[in-house]
Amino acid sequence: MGADRSVRLELYGMARYLVGKGVLDIPAESAATVGALLREAVRLAPALVGAVLEADGTPIAPNYILLDGRGAVASGDAVSDNDHPCLLVLASGG
Amino acid sequence: MTPRLPRDLLEIDLSERTWSRSRLADAVFDAAPGGTALAVRLLDERVAGPLDPLGGENPLCFAAGPFAGSPVPAATKHALATVSPLTGLINDTLSSSHWSAALRRMGLAALVIRGRAEGLTALVIDERSVEFRDATALAGTSADAAARALRRELGDVRARVCAIGPAGERLVRFSVVENDGRQAGRGGAGAVFGAKALKAIVLRGGGEVPVADPEAMMRLARRLRERALGPKTAKYRVLGTGANMRVLDRMGLLPTRNFSAARFEGTERVTPERARESPESYVEYRAGCANCPVQCEHRYVRRDGDRRHAAASEYESTWAFGPNCGVDDLDAVLDAVDRCDRYGLDTISTGGVIAWTMECVERGILSARRVGIDARFGDARAMLALIDAIAAAEGFGALLARGVRAAAAEVGGGSERFAMHCKGLEMPGYEPRGLPTYALGLAVCTRGACHNRAATYDLDLRRPTASYTPDERARACIDQEDYAAAWDTLLLCKFVRDCFDDFWSEAAELLAAAVGGTWDAANLRAVAAESWARKRSINARLGWRPEDDVLPARLFEDALHGGPAAGLRLESATLEALKKAYARGRAKYAAAVVL
Ligand code: SF4
């Protein structure tokens with residue numbers, strides 16, 4: 001990934017509400033892994049802390065992160081050019 | 001500690017116009033402390049074999065939640081168990097609020113109603129008597145209007161009323177029972193009321209609800225209330241379940257046009273989030289159940305509209321009339337939800353039968369002449385007209401009022417392939433082809449295609465690409481079923497499920513504080529497992545067979561196209577393997593139930 005490129009983090013549910021928009025563009029050099037990407041998300045959008053992400057970028061249940069809406073990932077997994085990380089939360093089960 | 005929980009059972013016979021009140025034994029409460037476990041137990045004791053769900057012999061078994069009327073938040077609820085006119089099997093359903101608390105304030109743990117009244121009747125119940133009141137003047141009214149009229153007639157603004165709307169009176173098999181703006185929704189309990197000529201049940205009077213350990217109760221209830229106001233429920237408080245639409249669309253798991261696709265191009269136009277994000281166009285009203293700090297219901301109406309028609313924007317309802325009918329007009333979807341509430345119709349089933357009609361019209365299986373309107377996907381006007389026809393049980397609406405399974409059986413011509421149901425209950429809004437554990441949960445669920453008796457989609461949604469063995473998926477399904485049975489027995493709202501660190505032991509502590517006795521995680525688990533086993537046992541007596549645990553053919557034959565879940569479909573061999581693993585996991589109940 002080049003230095004001038006970015007990874008687009010899609011936001012849904014509470015994440016979108018708190019940030020006030022549907023995407024966060026994260027500089028690619030700060031998004032080598034899922035963990036790094038989410039730490040950078042915290043830096044760019046501190047409103048996420050407490051409700052969606054911990055201060056270290058860990059998703060707070062019931063929020064979770066998937067690649068392209070389906071791929072389950074762990075913090076250490078690499079993020080590549082073609083990934084579309086999505087920060088999601090589902091509200092269901094009443 | 002001696003249990004002090006209200007523990008009387010009131011039994012009413014509408015045919016004989018008689019009633020009796022008796023005390024339920026300690027042994028009953030040890031095995032079924034309230035809610036679904038108690039309602040199911042009472043049904044179990046009264047269903048000997050197959051019966052006509054719309055006959056007088058079908059009992060309506062209500063049971064209050066053990067925390068109803070107590071300080072425990074998000075827990076003032078009751079359960080209702082009966083035989084569903086849609087499935088012919090058990091229907092255990094839930095509702096909330098003041099009516100639930102009123103049951104316990106009158107010292108009642110449960111209420112059973114049998115028989116059939118001669119004319120439309122309202123039962124007016126207080127601590128000493130039951131009045132069989134003529135309700136013919138209320139015929140055709142909404143549940144809400146009936147409740148207001150009864151309070152006026154009785155001169156009692158504090159009377160608590162549950163009632164049916166016109167759809168229940170016309171025996172629409174997916175009509176609901178409503179109280180305080182909340183509904184016992186799925187499975188057609190409203191039609192069971194209607195068949196009994198029972199319009200409403202009014203509860204009057206009553207005192208305080210005693211609790212066994214007031215100090216512990218206050219401490220534990222306060223802790224839960226604080227947590228319920230924190231980040232764990234923010235998604236419900238701030239957004240409501242309507243926010244699921246964008247999420248499921250992004251995952252490629254949003255059932256669209258009667259499950260013929262799993263992404264909807266109109267999602268951005270019809271998601272309820274659009275109303276919240278457009279305050280210049282819509283007014284939002286918050287609502288919810290009694291004694292709940294979450295108030296998760298987000299109602300919307302156009303700024304220039306009538307606020308009395310502000311419609312609830314829950315995911316399942318807006319999905320049923322939006323993506324599933326191919327309608328991308330948010331105002332029409334909110335109108336559809338509002339009409340269902342006024343008529344007393346279950347939104348998921350109503351959307352399901354309309355989506356099936358639209359697909360049959362598009363495929364030439366049904367003609368516009370037969371339907372009465374050229375109902376095609378995306379046609380909001382046709383959708384609203386069909387809702388009116390179903391509620392009135394008129395024209396083609398009379399056929400749809402019997403549910404999608406019965407309608408497809410009558411129409412034939414291959415329409416059965418597009419009837420999206422399990423055991424007669426129309427499918428909810430999650431695409432099973434991308435969710436194999438959820439598919440198992442739907443197939444084996446005792447009430448048909450219900451997503452709330454086991455949140456088996458959780459495993460699939462959070463780790464969709466993980467591979468699990470059949471035994472692991474079956475274990476997850478069983479655990480989720482028992483977990484849900486515990487919540488439905490305690491009648492805690494599942495929307496506060498993330499507010500517990502260790503649900504089983506914390507819930508047992510709450511239960512002991514409320515009702516007394518010795519409760520721990522182990523005996524609470526036993527109550528949940530027995531509740532499930534009784535449901536399965538009732539179904540076996542009602543004629544359920546293992547081969548009824550099937551899902552619609554299109555889920556196996558048509559792969560999803562487009563989106564992240566493209567190419568996925570269910571495999572028969574996989575589902576069969578999961579069902580076998582499930583039966584092994586449930587084997588300890590083999591003596592009691594057919595697996
Ligand atoms: S969270 Fe919503 S559904 Fe649950 S008890 Fe509260 S208001 Fe009712």
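**Figure 1. Strand 3 of chain A, covered on both faces.** In this predicted model, strand 3 (residues 64-67) of chain A has Y64(A) and L66(A) buried on one side, and I65(A) and L67(A) buried on the other. Buried here means under 20% relative accessible area, with exposed over 50% and partly exposed in between (1.4 Å probe, protein chains only). Helices (H or I, at least four residues) and strands (E, at least two) are DSSP runs, numbered from the N terminus. Strand 3 of chain A pairs with strand 5 (residues 85-88) of chain A in the antiparallel sense, over four bridges; two strands pair if DSSP finds at least two bridges between them. Within strand 5 of chain A, P85(A) is the bridge partner of L67(A). Strand 3 of chain A is also joined by two bridges to strand 4 (residues 71-72) of chain A, again running antiparallel, and here L66(A) has A72(A) as its bridge partner. Look too at the hairpin of strands 3 and 4 of chain A: three residues lie between the strands, and D68(A) takes a positive phi near 50°.

A word on conventions: residues are numbered from 1 along each chain as its sequence is written, while chains are lettered from A and ligands numbered from 1 in the order in which they are written. Local features need pLDDT of at least 70, side-chain atom pairs count only at pLDDT 80 or more, totals for chains, interfaces and linings use all residues, and side-chain values use heavy atoms, with hydrogens and water left out.

Figure 2. E40(A) sits in helix 2 (residues 34-44) of chain A and is buried, at a relative accessible area of 10%. Leaving aside residues up to four places away in sequence, E40(A) touches I26(A), P27(A) and S30(A), where contact means heavy atoms within 4.5 Å. The C-alpha atoms of E40(A) and I26(A) are separated by 6.9 Å, with the two residues 14 apart along the chain.

**Figure 3. The six-stranded sheet of chain B.** This open sheet has the strand order 2-1-6-3-4-5, with mixed pairing. Strand 2 (18-23) and strand 5 (90-96) of chain B are the edge strands, each pairing on one side only. Neighbouring strands of the sheet are turned by 15° against each other on average, direction ignored. Helix 23 (residues 521-542) of chain B packs on the sheet, touching strand 4 (77-83) and strand 5 of chain B, and its direction makes about 135° with that of strand 5. Axes are lines fitted to C-alpha atoms, for helices over the stretch in contact, and angles run from 0 to 180 degrees between N-to-C directions. Strand 1 (residues 8-13) and strand 6 (residues 108-114) of chain B run parallel and are joined by six bridges, with L9(B) opposite A110(B).

**Figure 4. Two positive phi values in loops of chain B.** S97(B), in the loop between strand 5 and helix 3 (98-105) of chain B, is a residue other than glycine with a positive phi near 95°. S97(B) is buried, at 2% relative accessible area. N258(B), also not a glycine, has a positive phi of about 60°. N258(B) lies in the loop between helix 9 (244-251) and helix 10 (267-270) of chain B and is buried, at 1%.

Figure 5. Helix 19 (residues 436-444) of chain B is largely enclosed by the rest of the structure, because eight of its nine residues are buried. Among the buried residues are Y438(B), L440(B) and L442(B). The elements covering the buried residues include strand 16 (421-422), helix 20 (457-462), helix 21 (470-490), helix 23 and helix 25 (572-585) of chain B.

**Figure 6. The ligand and its shell.** Around the ligand are A74(B), K77(B), G288(B), C289(B), C292(B), V294(B), Q295(B), C296(B), C493(B) and F495(B), each with a heavy atom within 4 Å of it. By class, this shell has seven nonpolar, two polar and one charged residues; Ala, Val, Leu, Ile, Met, Phe, Trp, Tyr, Cys and Pro count as nonpolar, Asp, Glu, Lys and Arg as charged, and the others, Gly among them, as polar.
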